[in-house]
Amino acid sequence: MSRIGVFVCHCGLNIAKTIRVSELAEFASTLPDVVVARDYRFMCSTPGQEMIANDIKEHRLDRVIVTACSPLMHEHTFRKVIEKAGLNQYLLTIVNIREQVSWVTSDIEEGTAKAKALLNGAVYRARLLSPLSSRVIDVNSDVMVVGGGIAGIQAALELANTGKKVYLVEKNSTIGGHMAQFDKTFPTLDCSACILTPKMDAVLQHPNITLMTYCEVSEVKGFVGNFDIKIRQKARYVNHDRCNACLACTEKCPGKGIAEWDEGLVKRKAIHIPFPQAVPQKPVIDREHCTFFLKGKCRLCEKVCEHKAIDFEQEDTFTEIKVGAVIVATGYNLMDTKPLVQYGYGKYPGVYSALEVERLFNSAGPTAGKVTMRDGKEPQAIAILHCIGSRDKNNYEHCSRVCCMYSLKFAHLFKEKTSADVYQFYIDIRAAGKGYEEFYNRIIEEDVKFIRGKVARVAESSDEPGRLIVEAEDTITGKFVKLPVDMVVLSPAMIPREDSKDIGRLFNLSTDKYGFFMERHPKLAPLATMSEGIFIAGVCQSPKDIPDTVAQANGAAAEALTIVSREKMELEATTAMVNPASCCGCQNCVRVCPYGAPSFNYEKGVSEINEALCKGCGLCASVCPTSAIIARHFTNEQVLAEIEGLMEF
Amino acid sequence: MLKKISINKISELAAALMDKGLLLAPVKEISGYNFVEIKDPKQVDLDFHNTIASPKAAFFPHKEDFIKYETGKPIDTASVVALNLPPAFLFGARPCDVKSFEIMDIHFNASGIVDPFWKQRRETAVIFGYAFDLEKPAQPEEFYQTLGIGAADPEGSDVFMVKKGGDLLLNSVTPKGEKILAELKVLNEGKAADKKYYEEYIKKGKEYKTRSMCLEPGAITKKLEDLFYNTDFWTRVSSACISCGVCTFVCPTCYCFDICDDTLFAQGIRRRVWDACMFTDFTLEASGHNPRTHVYQRLRQKINHKYSYHVRKYGVISCVGCGRCTKHCPVNIDIYSLIEDAMKA
Amino acid sequence: MSQAVTPYLEMSQAIIEAGGEALKKCYQCGTCSGTCPWTPITHFNIRKLVRYGQLGFDGIEDFMWGCSTCKFCVDRCPRGVEIIDIVTAIRNVYSGGGMLPQSLRAFVGSLSARGNPWSGDQAKRNDWAKEKYPLYNKEMEYLFWTCCTVCYDPRNTRLARATAELLNQAALSWGIPSTDVNCCGESVRKVGDLELFERLKNVNLNYFQTNSVAKMITVSPHCLVTFKKEYGADYNIAHFSEVLASLIKEEKLKPKKDFGGIKVTYHDPCYLGRHSGIYDAPRDVIKSLPGVELVEMERNREQSMCCGGGGGGLWMEKLKGERLSDLRVEEALATGANVLATACPYCITMFEDSIRTLNVDDKIVVKDVTELFLESMEINIDEPVGDVCEIV
Amino acid sequence: MTDFRQIENNLKKEAKRLLEAGEVAVVLAYGRGYDEKHPMPFAAKAIAHVESLVFNEYCNFNMARYLMRYPWGTKIAIAAKAADSRAIIQLVQEEKVRREDLVIMGIPAYGMKNQKTNEVIDSKTTGGLYNPVIYDILLGEEIHGQKIISPYEVLAEYEAMDKEERWAFWKKEFDKCIRCYACRKACPMCYCDPCFIDQNKPRWADKAPQSPGNMMYHLTRFHHLAGRCIDCGECSRACPVDIPLYLFHKKVAKECEEMFGQAAGMKLEDKPALVDFRVEDSDKILE
Amino acid sequence: MSFEPKILGIACNWCTYTGADLAGTTRLHYPQNLRVVRVMCSSRINPSFIFRAFQLGADGVLVGGCHPGDCHYNTGNLYARRRLAVTKKILEFAGLEPGRFRVEWISASEGNKFAEVVQEFTAQIKELGPQQKLKIEQLQEKA
């Protein structure tokens, strides 16, 4: 049997005007298990609070019901009161008879009757309340940033400048990401390297940033404030401590491999740095194309290296890193357009993908900035094709946002560097950023021809061998256009990295059907994710240009700070738990929980809930067919009892 | 005394009985017959072989309320439910079912253990036994001959009925039967020829053939005791069983029940409801331990209870061979073949 | 008269109700018109047709008959618009008002009166068989569904006989439908006469039910697609090239004659390729022929160019220079092939016309894959035969 | 009509082969009962058992309900008719059994009979499919050419009833219930142990077999099977008092299919309807 | 005197309950037949609560949750939408008047919508009259 104390508040006249409070208190005392029932003018005032505390001690109460204003107002106040009086703070129920009764009716009969019913429900519920205690965990103050593109670099610098220790993990042998491949950036035509390399250098020099290039995340354990992440350091076969970047080895090396950095336009040595301003500016050996690894002899680089930095026996190493928060900024790839046979990419040498053209323009690129085709000639007519794979239900339904703008940039650079006629085949020109429309007008004035119609086919010209024919309908005139050109530039769909689903699985991030990471709330929390303590920034969330990416990186850094700036963190007490005796192993809870709190223990065949991840929403308790999951403070028995109590009078 | 009435006048007999009290008689339903409380005399239908559920519900209903109380009130305010039922007429009970009441009396009516509800129902009720139709062959599931029950044994019934062509002969067996037959004006006197036909019918009933094997209670008990630890046998015979409890609910000699409290707001009723040893939580203890979690343990318990423990304790097999458990088992487990297997194992 | 037009939305609503639901999804990007083989050679423009349908502008009548339902645009449409359904819906709405072009009136009239588009006599449907082949009954495994074109069109009756011979060679249990069946109704549905299509369909469905037909073989991809998609029952139906390919694989049928190193190119019929996804079976049959080199045209498999026969095209008059089949024959000649193989009676008819008008019948000849294989088994089915049935 | 003899021989042949090759530890199929008309679910573990395998028009048992009796990872061969194959897919979706542990012997069957009433089972009481939706081996000839009749047509009569009439109908039916729980045990999808009705904390429904308790038990069970019931009709066949449970399950299955666009147990990659959501589910389903 | 229905309201703490409080602070009057139970999310509502509520004599049940997409736990109400839709269809097919069970998405700022919905729902229930079907009269089934 429980000993319940009921305390009815007048709230001055707010409640007493339309509810007979003394009659309510009198009614309360008649209910079973109610030991003391009082009413007082201001329960939340200090004398009111003392009255409750005294009654708890005097009548050895084990449940307290306060019939007053909304729990959203004073639940915390009264919890502190009963806690000070030695009663567990969760053995309290608030009955809301002000906002939901006295203020919404003028009929005192109706008000009092409803108050009685609500009170009766509260008594039924109070009997079944059980004491709960909330756990406190400490928070690790370091942060890890995954992905060394402009987003990762920006976030790492922001966090490091606040004094936090940052681990920047990059899969490639250099940071910089796709931005480092560009020559110019729209709309200001800034040289991409000039605005990026200072930041890359700052990252290298910054005392708080540990730069981990040629590394991959292999395992993630733990939860918010206490992640421990296993990083795999891929074998570089070059000891970066000894190497002083004299790059003598790169001249001598006979090995030939496809230069990923130059999008495969040229070859590069087996031991190489991707581009001159690479950070760190130290080479790595690519196993697949190193003649020593292939045939067992050569080792020319070792002979040449004065500092004995070459080490063929190097193995992949693993390091465990503890951090409090993680920012994922893994960036994007461009879609491989070879399957779209109608555009002939990979079949006709004159067809280029956007990143290849970026490398053509780049002075550190394969053609040192000169626009020459694969056969060495300068193109006389160039067609730039928009929406290749984007805005297309059969490939990627989204618009990649940046292709219109970089196509205009290409048009400008082509006009500047060659004497070619430039055509743009588009559906809509989307120039919606600051200064973008002005840039579009400037390009029109540079006599670039715009044809409104999505290209249907690129074919070899039968009468001019070596040239290409672009077929499309100019929907403005309705004419079928056959345009002979030398070079075709495709702007492929911007899609997440191919391993984004694996990264998602590691960090418990759900991805949309293409692999972009799902933000917690599209409008109000675009950088947070469903996993507490994991944030996202940049194109890995959805296609965007550099200004938006940098803005998101700063935002993600701020959100990470909200976690790591605290030493301690209090966990919710009203979390859910599983009674293993009743669990039938249907795994409904594991499937529905947005936070991944429940996990299935295959040996025991029952689910278990990680209370650190549980937010207490109770969804798992309602999908559990055998009521094995107890949603603390809102258990099935408590809710059923409250309903029964409400329906009695 | 022997009375007679023509079959197509049965509804008049039913109407007469309904005036005297509660009439339970077989009524045609979707996939068979059942004893139902008759509301309209025309419902009664006697050309059935046997009902789906046994007539035990007449004396041992699915739910019996014992005590009414109010939560929070002192104990003496609780009241025992007084049972004052009108006399019930169980019309058309087959000989094997009537025999089952005798076995159930051991538990509910024997000296020392008396269930007042069963006792009052049994005493006020009048049982109209009804012989099987000897022309028609027995159903494949039935094996009451093995248990020594004849197709036309009048023992246990107050009035025993036999079908003679288009007529129904009603012969009184007990004083209660005499009294009721006398009161029923709608019946007309039976002739000597009817009496002779009745006696012959009873005698012929003894030789009526059903599935049978020589089953001496001691032998099967001994066999089952040896078989207790032979889990291969029990796993094999119970591999199809889905432990649903239909067999125990249709069986005339299963009497296990559960006591529970159903409450609504402050009112509460303590009541008895049927339970089944085949239910997974039948032997679930408060500690969470459950001695019989596997299907084969539960099936072994059911068979042993009827053919081994009951014999050792009361000297009679607690089964009348009506075959209902075989007929209505969703997976067609046959108790007769099981016993045969056991005898051979 | 003034150039201004006002949208007449009741018309587009009628088109949507007639099955053109996808009208709303099109954002006029021009991929379909760029892809459509007709755009470069005729004034027909599928994008403009959908646009007129969206806003209900008048003037749609003069270019709504150009589409031959080859499904190239549907496969490429970035918005996944079911363009063929829109074309069918537009034609249904307008043909209701008697807008049918002159060349199609005879074809629709013959269908509603005689149950076949070739004005052939209904009773003479099986004359091509000359009682040599059995009628289908319940015990038989396969129903060999004979499309009207192979029943009545003289050139294509040869295809029917070739198939029948091969079925016998493979000793399958099969039979041909009695004369109370009629056209599967594919072309008339695509021409927009949905009511007539329902009538034809029910006649055939009734025949299938009464004879409890389970498995079917057809030589016409048009019947194949219609039975699978529009007949509302799950028939196990296969194109004969698939059956032939598997028979060859299981070595139940073996080619004998060596063709002596001729070059054969294969044209993917739209209804066999894009509509049904069958590309390899006919090629396997050709590859199994000794002394034959299969050369591929530049536009093949999913990119194959339509012969122009679909969607009622077979019966429409096309101006010279506006015929796809001519372009396709030229493309075949460009590969240096001397045989243009295909697997659809419609394509055979169109190519025969083109070869005659381009008078290149000495350089190239069109053959069905079945005829080729029959030839390789050295079975002659060309007795001196008169005109099979009088075209009334 | 289906050739039962041919399927039985194939069943024996396949079972023997699988057991000999040691590919599976147990073959779940149908065995001889006490007479011809009453076969039994049967688990053949050794070659000797293969002899008593049988298949006739009364083998309506849904063998999928026995899959969970074997420890996780046991290799099992299972005979699966159309509805049973859907049950297997649903159980794989709910990870109660792994697809790679199963060898599914598909049985296309037409003209199966209900044991109690001897009527031919058709789409009225089941999902109306004849060919198994998924199988590794096919024991008989696929059935084609049948007119496709929607299994939900039988509901039209009950949906047309007005709500008073329908309430009276269901109250009469549920009052007959004697709480023997055969429907729960016959159902392949009801594998929860303990079931919600067996519990006292919380006490969801009265124990007494009368209207309030029965109604609560059945309504909650219908909800627990929403989007999961594969319409095999086993619950109605197992019910000793013949409550037409298949009707209510069919109605819920029909509503779920209309609202969520997926039928239970049709595709391996689907997620069960009520543990999944689509942002574009329309709010109209709540009117 | 006229029939006063007993209506059970189950409100999600973050949106509908806050909306109800807002209706109170803006002093919007509405009939007092609604008795509200507060739960953390509309997805906490187990359909068996609804069946049990009708058995305990509720004449109407009103469930309030956040608008889809605004749920504090992001996907809670999307699951709830499906589960409550199935509950509604089950009750309707069993024969309960469809008007007795209603689900409304009411956000924290829609105080007036809360008041309107309660007003409209109470009137509708009054018109439907007392709910006799699922209600447990008394524990003793009429013998």
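Domain bounds here come from an automatic or database domain assignment. This is a predicted model: local features need pLDDT of at least 70, side-chain atom pairs count only at pLDDT 80 or more, and totals for chains, interfaces and linings use all residues. Residues are numbered from 1 along each chain as its sequence is written, while chains are lettered from A and ligands numbered from 1 in the order in which they are written.

**Stop 1: chain D, two domains**

Select D 4–138, then D 153–286. These are domain 1 and domain 2 of chain D. Their C-alpha centres lie 24 Å apart. The contact takes 24 residues from domain 1 of chain D and 21 residues from domain 2 of chain D. Two residues are in contact if their C-beta atoms, placed from the backbone, lie within 7 Å. Now colour the domain 1 side by class. It divides into 9 nonpolar, 8 polar and 7 charged residues. Nonpolar covers Ala, Val, Leu, Ile, Met, Phe, Trp, Tyr, Cys and Pro; charged covers Asp, Glu, Lys and Arg; the others, Gly among them, are polar.

**Stop 2: chains B and D**

Show chain B with chain D. Their contact takes 31 residues from each of chain B and chain D. On the chain B side, select helix 8 (246–250), strand 11 (257–264) and strand 12 (267–274), the elements that give two or more residues. Helices (H or I, at least four residues) and strands (E, at least two) are DSSP runs, numbered from the N terminus. Helix 8 of chain B gives the most, with 3 residues. By class, the chain B side has 15 nonpolar, 10 polar and 6 charged residues.

**Stop 3: chains A and E**

Move to chain A and chain E. Here the contact takes 39 residues from chain A and 35 residues from chain E. Select helix 3 (71–84), helix 4 (108–127), helix 16 (619–623) and helix 17 (636–648) of chain A; these give two or more residues to the side that touches chain E. Helix 17 of chain A gives the most, with 8 residues. The chain A side has 20 nonpolar, 11 polar and 8 charged residues.

**Stop 4: helix 12 of chain C**

Select C 240–249. Because 8 of the 10 residues of this helix are buried, helix 12 of chain C is largely enclosed by the rest of the structure. A residue is buried if 20 or more other C-beta atoms lie within 10 Å of its own, with C-beta atoms placed from the backbone. Among the buried residues are C:Phe240, C:Glu242 and C:Leu247. Which elements cover the buried residues of helix 12? They include helix 8 (154–169), strand 3 (215–218), strand 4 (236–239), helix 13 (280–287) and helix 16 (369–376) of chain C. Finish just after helix 12, at C:Glu251, which takes a positive phi of about 55°.

Technical notes: A residue is buried if 20 or more other C-beta atoms lie within 10 Å of its own, exposed if 12 or fewer, and partly exposed in between; C-beta atoms are placed from the backbone.
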